Amino acid sequence: MTFDYHEPRSLAEALALLDRYGDDAHLMAGGTATVLLMRQGLLRPGHVIGLRAIDDLRGITPTRDGGLRIGATATLRAVERSPEARMYSPALTDAFASVATVRIRNQAMVGGNLAHADPAQDPPPMLAALNATVSIRSSRGERSLPIDELAVDHFTTSLAHDEIITGVVLPPIEPGSRETYLKFLPKTADDYATVSVAATLRFAPDGTIAETRIVLGAVGPTPIRARRVEDALRGQPPSRVRDALELVPDEVDPIDDLRGSAAYKREMARVWTGRALARVTR
Amino acid sequence: MTGVAERSASILDQPEYRVEGRDKVTGAARYAADVVMPGMLQAAYVTSPYAHARIVSIDVSAARALPGVRAVITGADTKPGRLGRRLQDWPILCWDRVLFIGDRVAAIAADTAAIADEAARLVEVEYEELPAVLDADAALAAGAPVLHPDAANYAFLGGTRAQRSHPNVQGQALHEHGDVEAGFRTSHKVYEHTFTLPRTHQAYIEPRATLVWLDGETVRVVTTNKAPFALRQHMSVALGVPEPRIVVDAGHIGGDFGGKGLSIDEFVLYHLARATGRPVRALTRYADDLQATNTRHAATITLRTGVDAEGRILAHTSRVLFDGGAYAAGKPVITLMPGDAMLTLAGYRVPAARVEATTVYTNQVPAGHARAPGQPQNAFAAESHIDLIARDLAIDPLEFRERNIVRHGDVDVTGKPWHGTDGPALLARLRTASRYGPSLARPNQVNWWGWGVALGVRHVGRGRASMVLRTLAGGRVELRTGVSDQGGGAHTLFQRIVAAELSIPLDRVAVSRGTTDAVLSDPGVGGSRVTPVQGSAALDAARKLNAKLAELGRSIDDASEIEVTGEAAQETHEASTYAYALRVTIDRETGSLKIDDATLVADVGKVINPVALRGQLEGGFIFGLGQAVMEELRVEDGRVVTANLGDYKLPTIADAPPLRIELITDHPGPGPFGAKSVGELANPAVGAAVANAVQDACGARVMSLPVTAEKIWAELPK
């Protein structure tokens, strides 16, 4: 397999390359997914555009309003180890620390992780539960997209071919918010999740649940927002969690694969959502 | 003055430094894939997408026309060549039919691997799909497609192939001793259980690598094969080249675990080297290694055992059915079965038994040898069966084993008097060391934690070997061996044996490995052989040198040009026994299990390499743990779907629980200084120990490997 490798120094240069090569170009950040897909013959681009030399895409920085901006070429390991990210939410760094092994996390990058749209990945459910938006650039301009609208199917995003993810923006955490990320790994510590759950929750002063966001990984074609569970809990006391969990198996859409049958994963989605909610309500 | 015995004892008591350690750590160690020859070409293969099909036509013209392609050959060029360790039934390239997904139909030699791969894609093969035999039972059906109709023409090395009851049988055997029917008639209770085991892979780190070139009349081979002299013989028969004209160079090997006794690339590379006049290399990708080499056999095992009212075994029958896949080529044993196919109730007193084992052809990836071939399957079945019987009789599973473990003079499942470990002593050590808690003190109570015990038995390796020891200047000696170290520490072992016996410092003993034209013939690594057989040859060489020095009245420091040949013929049938006690906790909502505590007691005889011995036992445990809880080479419609190490999961160190190891060293074995074997001692029994602990913890009984969380969850009392 042969291809031309480009390493633009600026975003403008990268966008120009994308426009020039169109469908024959493939963007690459850390390459952990791209190289595997190319080795398996699933991806055969004529031009690979490496993004790692673009300064504008780097960095993990608090925003002025108390949120966090993560650049597209921040490595997963950089997020995991970032004091700013840990300060923002320990659950965020937990989710990034759950990916594969340290060798992979040192290489893989946030933008690539999102663009790959693998429904079993760890960061996307947590970013979605934290209500992240994705910053996107093309030669046509700039736009922001709620992260739940990025992945549309297995390994498929709503990005146009001329667009580049430049980063992720996380809004300020509301006072009193609790967050958690749990990953069910029944075989080995080095695996994709059988099911994963990211949850955020905030109590109202009267002790009822003011707001919760629950996002499940590895149990559908994209990360799945358990909206019916969220709706059932809003304004309710935490004692209602047990009943609300019964809604979980119908919210998810898992497949039979090496990590379990669909029936088992549905049940495990219920169990692990319960465990995640127990952590954010206790 | 220090006596010989004390001096040798002190050398062997010190932890060892690996003789090859520095080279491996610095990257200087040369592996087969590191060898580069001027003008070397790279090989690629065209493989079958069908489990069973007739080859209608092959068009290689587009591949031949690709710039950089130097040769494209098909089965028409290699016919009727077939390869194999005992039965040569695997075509070098297929010419009429393909028998599994991944079977090779054409081979390319090109300037680069990328060009070779591209050329492989340009070869057009027309197939006519045939009905496939996808499971072992189907293979034995009356109207099953016969996968090897020309079997009578296949070469069979060393002996004659036994008669078979069905043309799809690779090999079969029946053993019977005692009055089985009478045993069952007088039994208080008779139990029957069926267990199933998946295919697994040896999962060595280094994929296969092979380089072949012609040097005048000589065929030179650089390979990852662990038995170079055997490979030379296999190549000689398959290719019609006399053995002395084949030189095999097998240096450092990056892990083997039984898988690297079979080679498949050398044969086709010989044809490519002949066609091009250039060295040709094949580097296997891990995906190819997982899909198309020699896996551990999948098996279905039915055990039936009768016991008296006190739980003593009176009679036993078993039926073991192994899925051998498309070719039997990977099996070196004369019965064409995994080595320990017949050991279905190993380690117990069995007054009467009838054991039937069969290996069949199917249209699946071929099966061969893997660490303790046949034992993980049989040990899982037997040790689960024993536990189920004990529980039904309300006898504590460890106590049940104490009542039945074979003692000196007893007859075991082989029908022969036991010659090996003192079983009761072993179980007594296990009980104390593990702080085993009698689980039946809490009958019918689910505590979500529990104990599992399992027993394992492995023979001490047998065979013959020789190596040359000669004196060098300055009181040094050199041992020349044909053993390739696959990571087990063979060369370090030889160095320590020779130094201990000669009472000289370790750095005065050099161990060098030679190619097949430069050293005495060697049986290779495998069958738990290196320590007892090749180790004994090293000891014999040192003893002969000592005798020669005594005869000449010289010391090693002023000896000149003495050369002796050490020889060993280790034919003693001796067995080593080991046992596990594991404590597990079960997650009641998910079925996932955690091993809290593990104890292994192993009868190892004299310890020569203390660090490597411990490494073998710990590694064997983790290897067994992988097969116990996660490893499965899953095949769907003949296609391996776990075709990479992201899907074929192996345990990581984070998955390894604390392991307590107790060694029994006071029962000498037939190896040097009383050593036994440990390389295949620890892995087979782990699966049953886990399954038994799971049942003790939560009542769920899993009858197949791997014991996954979902299987446990499905069996949980609801």
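How many bridges join strand β2 (residues 53–59) of chain B to β7(B)?

Modeller: Two bridges join β2(B) to β7(B), and the two strands run antiparallel. This is a predicted model, in which local features need pLDDT of at least 70 and side-chain atom pairs count only at pLDDT 80 or more, while totals for chains, interfaces and linings use all residues. Residues are numbered from 1 along each chain as its sequence is written, and chains are lettered from A and ligands numbered from 1 in the order in which they are written.

Strands here are DSSP runs of E with at least two residues, and helices are runs of H or I with at least four, both numbered from the N terminus. Strands pair if DSSP finds at least two bridges between them. Together they give an open sheet of three strands in chain B, ordered β7-β2-β9 with antiparallel pairing. Its edge strands are β7 (97–98) and β9 (124–129) of chain B, each pairing on one side only.

Helices α8 (residues 228–239) and α9 (residues 265–276) of chain B pack at about 50 degrees, with axes 10 Å apart (axes are lines fitted to C-alpha atoms, for helices over the stretch in contact, and angles run from 0 to 180 degrees between N-to-C directions). α8(B) is therefore oblique to α9(B) (under 35 degrees is roughly parallel, over 145 roughly antiparallel, 65 to 115 roughly perpendicular, the rest oblique). In that contact, B:Leu231, B:Met235, B:Ala238 and B:Leu239 of α8(B) meet B:Glu266, B:Phe267 and B:Tyr270 of α9(B), where contact requires C-beta atoms, placed from the backbone, within 7 Å. By class, six nonpolar, no polar and one charged residues make up the α8(B)–α9(B) contact (Ala, Val, Leu, Ile, Met, Phe, Trp, Tyr, Cys and Pro are nonpolar, Asp, Glu, Lys and Arg charged, and the others, Gly among them, polar).

A second pair is α11 (residues 375–392) and α12 (residues 397–404) of chain B, which pack at about 110 degrees with axes 9 Å apart. That angle makes α11(B) roughly perpendicular to α12(B). The contact involves B:Ile386, B:Asp387, B:Ala390 and B:Arg391 of α11(B), with B:Pro397, B:Phe400 and B:Arg401 of α12(B). Those residues divide into four nonpolar, no polar and three charged.

Finally, the link to the other chain: 18 residues of chain B are in contact with 14 residues of chain A. On chain B's side, helix α18 (residues 709–715) supplies the largest share, three residues. That side has seven nonpolar, five polar and six charged residues.

Notes: Contact = placed C-beta atoms within 7 Å.
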